[in-house]
Amino acid sequence: MANRFFQSALLLGAALCAAVASFACQSQSEPSSTTLYYFTWSDYVGPELLESFERQTGVKVVVDTFSSNEELLAKLQSGASGYDVTVPSDFMVSVMMKQGLLAELDPARIPNARQLVRGLEKLPVDPEHRYSVPYLWGTVGIGYDSSVIPTPPDSWAVLWDERYKGRISMLNDQREVFGAVLRSMGQSMNTRDPAIIEQAKARLLRQKPLVKTYSSDHFDQLLASGDVVLAHGWGGPVARAMALKPSIKYVVPKEGATIWADCLVVPKTSRNKELAMQFINYLLDPEVAARTSERLLFASANREAKALVKAGVRDNPAVYPDEATLGHLEWMVDVGDALRLYDRAWTELKMK
Amino acid sequence: MMREKSGGWLLAASLGNLLFLYLPIAVLVVYSFNAAKLATTWQGFSLQWYAALARDHALMVALQNSVLIAGVSTVIAMVLGVSAAVGLERLPRRQRAWLDGALLLPLVIPEIMMGVALLLFFVLVKMPLGLLTVTIGHAAFNVPVVMVVVRARLRKLDPHLEEAARDLGATPWQAFRRVTLPLLMPAIVGAALLAVTVSLDDFVVTFFTAGPGATTLPLKVYSMIKTGISPEINALSAILVLVSMGLVGLSLLIQRKTVHG
């Protein structure tokens with residue numbers, strides 16, 4: 001009895017060792033060609049696009065993922081070196097620039113960066129694109145269920161409408177939520193005026209009983225399942241909800257809203273900066289960018305790409321805002337010390 | 001009469017406890033078989049999310065990383081943990097006390113501190129973060145796990161057995177190799193299974209020590225949540241839960257069997 005048991009135990013141990021050994025062999029037998037380390041949002045790049053880059057260049061691309069800008073910053077600050085390309089959002093680019101985490105780009109190596117969409121050419125955080133190139137961009141607006149809300153809303157005011165009590169979701173993001181209310185008051189979303197921030201807080205407190213949830217990750221699901229009929233959020237997820245429930249529509253309120261861009265950058269610690277820039281140029285190639293845009297339902301920063309995007313996506317206002325909308329969008333920028341005011345107001349809002 | 005009544009309460013309390021522990025997991029597993037793309041509405045039975053998992057290249061890479069790290073870190077933890085356990089049992093009690101504390105500390109300190117400490121250490125010695133640092137981190141928290149299990153078994157062993165072997169002419173190494181080690185085997189295998197499980201499931205230490213090319217399954221799942229909760233995550237979590245439970249169950253079974261046998 002005991003003997004048989006030992007045999008199986010040994011067998012198990014042997015199997016484990018074999019598994020380890022086979023993995024070790026595998027990693028050894030790989031060709032010793034160069035490797036590019038790409039640190040990005042989950043699911044941000046199609047595997048077929050990576051494979052085609054690998055075929056073209058003979059380089060192996062290793063993808064690691066992060067889930068928030070703050071996480072990315074923490075990783076780079078704490079000395080995780082070796083990532084060659086990564087994708088912070090616009091405001092995080094400025095933080096990383098200030099901390100000296102980014103390598104300077106060579107425009108000659110990224111020719112595709114010359115074909116940027118109008119409006120992204122001069123990013124407030126890095127107008128000359130010395131450290132970053134916009135990759136994907138979009139707007140923040142309202143996703144709504146047109147079968148429940150017959151008259152298309154055109155103003156942030158609809159999020160204060162008593163009729164939709166308990167069926168509204170807001171982003172779980174302090175700057176975005178304040179951005180929406182500040183624009184509805186006719187103010188800049190980057191205001192540093194304590195009195196105005198205080199007024200904005202009062203409005204949000206009044207809205208709170210109507211709000212079902214503050215969610216950034218799954219408001220598309222809430223919209224599609226009918227749990228909410230109005231959702232403050234990014235266009236991409238709203239476009240995903242549309243695919244599941246055709247009565248979902250998207251609007252950027254007339255008072256104005258956020259424009260955002262995720263940018264490609266090369267961390268200073270990259271060991272292969274030329275290859276990194278080659279990869280950035282590849283991601284911005286019109287054809288590659290168009291496929292990415294279709295996959296993620298975000299707009300591509302390359303103006304040539306839009307024409308190559310399939311019809312249902314290209315003409316979706318949640319993905320590609322029209323010319324008129326572009327006029328009243330605002331970039332979110334660092335508000336300096338006023339961030340503490342926002343912090344405090346947001347905490348109060350969430351606690352009450 | 002009285003006994004029946006209190007028995008009923010006990011039953012209700014344990015059922016309540018079980019529900020509390022397992023209901024969320026059950027819901028997660030059930031929804032992994034959902035045909036709908038939404039995690040919140042049920043639209044019939046389907047295995048499509050499991051098929052999607054198998055096709056997901058990024059997930060397969062994460063799985064490879066997880067298995068590799070679990071395997072190697074367990075081997076390291078076994079070597080260190082078993083020798084530490086055997087060595088400690090032989091020390092006089094007074095010398096043992098502080099070593100005991102020091103070696104078991106990783107079990108007690110919050111995992112997040114362990115993660116930060118490891119990260120600071122790797123930065124200090126300028127070791128590039130990656131698969132290697134994660135493996136070392138996992139080995140570090142697995143050593144005390146192995147030690148606890150192996151020492152529990154060691155205490156139950158009859159010290160005379162080894163002495164008898166020495167009397168019969170075995171060298172210390174032979175006595176250990178031929179007598180003590182086989183007797184310890186069940187505890188060792190049990191500890192290894194436990195270590196593999198802890199390593200596969202670990203998030204915090206991995207999060208801090210991971211670098212380029214070292215995304216493990218738990219890290220991957222966490223970053224996937226950002227782009228919406230897809231039933232694919234349910235399917236993956238269901239598999240992880242079942243594998244972990246299986247390994248822990250097997251580990252307990254092996255350890256118990258030999259106590260009686």
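This is a predicted model: local features need pLDDT of at least 70, side-chain atom pairs count only at pLDDT 80 or more; totals for chains, interfaces and linings use all residues.
Let's start with the overall make-up of chain B. Of the 261 residues in chain B, 37% count as buried. As for contacts in chain B with a separation of 6 or more, 78% of them come from residues 24 or more positions apart.

Now for a helix pair in chain B. How do H3(B) and H8(B) pack against each other? Helix H3 of chain B covers residues 57-90, helix H8 of chain B covers residues 172-201, and the two pack at an angle of about 140° with their axes 9 Å apart. The crossing of H3(B) past H8(B) is right-handed. On the H3(B) side, the residues making the contact include Ser66(B), Ile69(B), Ala70(B), Ser73(B), Gly81(B) and Val82(B). On the H8(B) side, they include Ile188(B), Ala191(B), Ala192(B), Ala195(B) and Ser199(B).

Some of those names come back when we look at Val150(B). Beyond its neighbours within four places in sequence, Val150(B) is in contact with Gly81(B), Val82(B) and Ala85(B), as well as Leu184(B), Ala187(B), Ile188(B) and Ala191(B).

Which residues have the most contacts inside the largest nonpolar core? They are Leu230(A), Ile280(A), Val146(B), Val150(B) and Ala191(B), in a core of 152 residues. From chain A, this core draws at least three residues from each of domain 1 and domain 2. There is also a second, separate core of nine residues, with Ala62(B), Leu217(B), Met224(B) and Ala235(B) among them.

That brings us to the domains of chain A. The assignment gives domain 1 as 35-137 + 260-323, and domain 2 as 138-258 + 330-351. Taken over C-alpha atoms, the centres of these two domains of chain A are separated by 27 Å. Where they touch, domain 1 of chain A brings 16 residues and domain 2 of chain A brings 15 residues. Which helix gives the most to the domain 1 side of that contact? In chain A, helix H4, residues 90-98, gives the most there, with three residues.

Definitions and conventions. Residues are numbered from 1 along each chain as its sequence is written. Chains are lettered from A and ligands numbered from 1 in the order in which they are written. A residue is buried if 20 or more other C-beta atoms lie within 10 Å of its own, exposed if 12 or fewer, and partly exposed in between; C-beta atoms are placed from the backbone. Two residues are in contact if their C-beta atoms, placed from the backbone, lie within 7 Å. A nonpolar core is a set of buried Ala, Val, Leu, Ile, Met, Phe, Trp, Tyr and Cys residues joined through C-beta atoms within 7 Å. Domain bounds come from an automatic or database domain assignment. Axes are lines fitted to C-alpha atoms, for helices over the stretch in contact, and angles run from 0 to 180 degrees between N-to-C directions. Helices (H or I, at least four residues) and strands (E, at least two) are DSSP runs, numbered from the N terminus. A crossing is left-handed if the near helix is turned anticlockwise from the far one by less than a right angle, and right-handed if clockwise.
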